[in-house]
Amino acid sequence: MRIRYLIATVILSVFLTSCSCATSEATPTNNAFTEFTDELFRSQSGSDSLTLGYTLAHPENYGITDLPKGFSSFSFEDLKKEALSLENLLAALKQFDKNSLSFEQQVLYDTLEDTLELDIQGQNYLAFSESFGPTTGIQAQLPVLLAEFRIEDKKDLTQYFSLLQTVPDYFDSLLSVEEKKSSLGTLPCRSTLRNIIAQCNKFLSDSGTNLLLPTFQKKITGCSFLSEKEKKEAIAQNKTYVNTYVQPAYKNLCAGLTRLLSLAGEEGSLSQYPNGKEYYRHLVRRTTGSSLSLEELQTLLTERLRTAQNTLLQYAAKDPSLFSSCQSYVTRYSSPDVILSSLQKQITEDFPVCDGTNCEIKYVDESLEDYLSPAFYLTPPVDDSANNVIYINGSEKYDRSSLFNTLAHEGYPGHLYQTCYMHSKKLPLLRHILDYGGYTEGWATYAEIYSYKYTGISRDEVGILRNNMIASLCLYALCDIGVHYENWDENKINNFLNQYGSYRPETASSVYSAVVDEPASYLKYTVGYVEFDRLKDRMKKKLGADFTEKTFHTYVLDMGPASFDILAHYISVWYAQNGCK
């Protein structure tokens, strides 16, 4: 999972080699297009202090001198007013002649057009706008995002304190949207609200300071731009602000969501909401970057599931002992640092070079363990990708034996590698904040599955691990579609799962809860992976004997986040310019 801050009111979603693409010479059209998209980048990056801090380390170098003051509050009516802004942006974009733009600008044109068109469609489903969620909601991510907020000068310190001060008003504005949704009949179901409330209460029961106070103190102690007196004052002010603003904001959020419980329904399937099926179709398209219909996705995922299971049966018939021996690799690596170092060295055979990155491994605070993912990567600012952080969740409910492939997903050749590679390519600035979860999570899932090659076990054992993971991904993704499009309950999930193996009722209950809490979340991983696999097959057919794994990986990484239709469209153009092998 890649964490990047998402603004609830933002027009565009923000937060995610030896070969290079040729560019055309600068022209008036090229320059005007760059000015247009760079200005859009600046306006979105500077929309609030948290977004700015996680997008740019040095905003002054990008012409951003009027710094925001904390979070920006908003209302449901503000969301509705965005439709005209989106349409105006799209109209302004279409004033440019795409054919006169450079290769990189043409890709940006297509990705921006795609984003705007989808966001305009999304205006039909504002009643489903969601900022809270047990795992990906802002209330779950905020403690870590605040703890990791970079403070490199006094301006950063001011920005940080402005965030703490405005958390109450920001949470209140998000809560006002939930209250509006209660009148529209689109509140999350009661079980989801209870999970969010429980997560907030867990944070509060640990005083909400286990993470925010010591991490801040450590950062401030190392700040050379502050005197010893100023350091002490800052540390004291942080404690006061956490107690005065952050903790009360979480308490008020809990109280507000508790009041809404009686207005929420028990049914968690989006198919049972007004326009829920239509919204789910849109959500899947927006989340995955795939243009395949839900029916096509169901067919494709079912085919992949059956193929994976048949392959596993063939391995079982060949040598059943492989299913236990394939796990032997988990004892070969003594620590996360050793795993990352090993992966970083081994991937150079199949992936383009990306140097100059450091990564620090941290562990999730105990107060957040029950609600955050097994691991996640914090996306660094565009202008400072050398220092990276991966968080590992030490909760007992997560299997430590999967640490190797977890770090392949979050680190090399997954999120960390893809992000740093993209930064090294110097793509147009706006490309860095266009949100394509199907690409980023699909790539990390593809990388995780591919990484079994580097475990040191036999080819057959690698095949077992890969197909087992593919089968699991497809099962859960089909459950997501089943719940939200076909109104499956826990019994139907249980019956479905047991068509493909032996599962206990508790598993069905767990899957149902996860799917209801975070609609389409499984799909960006699974569909993203499957689409990358399909894209690879398409490139193999186009290039024939010229195809190599490194060529495919270089192309995908050179292109950067985009929809899979856009990625498929540019294969021939890119290869004609590069011819990389």
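Which residues in α5 meet which residues in α8? Select P143, L146 and A147 in α5, then L212, T215 and K219 in α8, and you have both sides of the contact, where contact means heavy atoms within 4.5 Å. Before going on, two ground rules. This is a predicted model, so local features need pLDDT of at least 70 and side-chain atom pairs count only at pLDDT 80 or more, while totals for chains, interfaces and linings use all residues. Residues are numbered from 1 along each chain as its sequence is written, and side-chain values use heavy atoms, with hydrogens and water left out.

**Stop one: α5 and α8**

Stay with that pair and show the whole helices, residues 138-147 for α5 and 212-221 for α8. Helices here are DSSP runs (H or I, at least four residues; strands are E, at least two), numbered from the N terminus. The two axes come within 9 Å and cross at roughly 20°; axes are lines fitted to C-alpha atoms, for helices over the stretch in contact, with angles from 0 to 180 degrees between N-to-C directions. α5 and α8 are therefore roughly parallel to each other, going by these classes: under 35 degrees is roughly parallel, over 145 roughly antiparallel, 65 to 115 roughly perpendicular and the rest oblique. Color the contact by class and you get four nonpolar, one polar and one charged residues. The classes are: Ala, Val, Leu, Ile, Met, Phe, Trp, Tyr, Cys and Pro nonpolar; Asp, Glu, Lys and Arg charged; the others, Gly among them, polar.

**Stop two: along α9**

Now select α9, residues 228-260, and pick out K231 in it. Is K231 buried or exposed? K231 is buried, with a relative accessible area of 12%; buried means under 20%, exposed over 50% and partly exposed in between (1.4 Å probe, protein chains only). Leaving aside neighbours within four places in sequence, K231 is in contact with I220, T221, C223 and L226.

Next, click A234, also in α9. A234 counts as buried, at 4% relative accessibility. Not counting residues up to four places away in sequence, A234 touches L157, F161, F216 and I220.

**Stop three: α17 and α18**

Jump to α17 (459-486) and α18 (490-497), whose axes come within 11 Å and cross at roughly 150°. That makes α17 roughly antiparallel to α18. To see the contact, select L475, L478, C479 and V483 of α17 with I493, F496 and L497 of α18. This set divides into seven nonpolar, no polar and no charged residues.

While you're in α18, find E490. E490 is partly exposed, at 35% relative accessible area. Apart from neighbours within four places in sequence, E490 is in contact with A508, S509 and Y512.

**Stop four: the cysteines**

How many disulfides are there? The count comes to zero, taking a disulfide as a pair of cysteine sulfur atoms within 2.5 Å. C326 is in no disulfide, and the nearest cysteine sulfur, in C474, is 18 Å away. C326 counts as buried, at 2% relative accessibility.

**Stop five: S451**

Select S451, in the loop between α16 and α17. At 0% relative accessibility, S451 counts as buried. With residues up to four places away in sequence not counted, S451 touches L343, F404, N405 and A408. S451 and L343 are 8.0 Å apart, C-alpha to C-alpha, and 108 residues apart in sequence.

**Last stop: α21**

Finish with α21, residues 549-559, which is mostly covered: nine of its 11 residues are buried. Among them are F552, H553, Y555 and D558. To see what covers these buried residues, show helices including α4 (103-122), α15 (415-424), α16 (437-450) and α20 (521-543). Then step to G560, which follows α21 and has a positive phi, near 80°.
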